[in-house]
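Please look at the pockets of this protein and at the contacts between charges and rings, and keep the sequence beside you as you read.

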Amino acid sequence: MRCDKIWTRARLATLIPATDGGLGLIGNGVIAAKDGRIVFAGDAGDAPAMDAGEIVDCEGRLVTPGLIDCHTHLVYGGSRAREFEMRLDGASYEDI
């Protein structure tokens, strides 16, 4: 399979509940992306044959899903729905 980018030797946190109560860690993980989408994420031993224009050695670093911390600070003290709408319409944080 031809990919745009492959990350190798990564510790992957799949967040799939593990039998030991852990985070579903994969010790020797591989992630492959093509056209801006992940086409494989899993153990290197389960990976299909792949080649890519760019290969990144993660050197055992932890890779997690894109987590979003959605919160606000008390100083705003009210609904920020209008600000959210403005951001969706393209306003910068500076404009808001």
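The charged end of Arg87 lies over the ring of Tyr93, 4.0 Å from the ring centre, where a charge sits over a ring if NZ of Lys or CZ of Arg is within 6 Å of the ring centre and within 35 degrees of the ring normal. This is a predicted model, in which local features need pLDDT of at least 70 and side-chain atom pairs count only at pLDDT 80 or more, while totals for chains, interfaces and linings use all residues. Residues are numbered from 1 along each chain as its sequence is written, and side-chain values use heavy atoms, with hydrogens and water left out.

Arg87 and Tyr93 are also among the residues that line the largest pocket, together with others including Asp69, His71 and Phe84. A pocket is an open set of points on a 1 Å grid over the protein atoms alone, where a 1.4 Å probe fits, with protein on both sides within 12 Å along at least five of seven lines, and lining residues have an atom within 4 Å of a point.

| Pocket | Volume | Lining by class |
|---|---|---|
| Largest | about 330 Å³ | 5 nonpolar, 1 polar, 4 charged residues |

A volume here is the space filled by probe spheres set on the points, which are joined across faces, edges and corners. Ala, Val, Leu, Ile, Met, Phe, Trp, Tyr, Cys and Pro count as nonpolar, Asp, Glu, Lys and Arg as charged, and the others, Gly among them, as polar.

The lining of the second largest pocket includes Leu12, Ile38 and Pro65, and its largest share, 3 residues, comes from β3, strands being DSSP runs (E, at least two residues) numbered from the N terminus.

Methods. Helix = DSSP H or I, 4+ residues; strand = E, 2+ residues; numbered from the N terminus.
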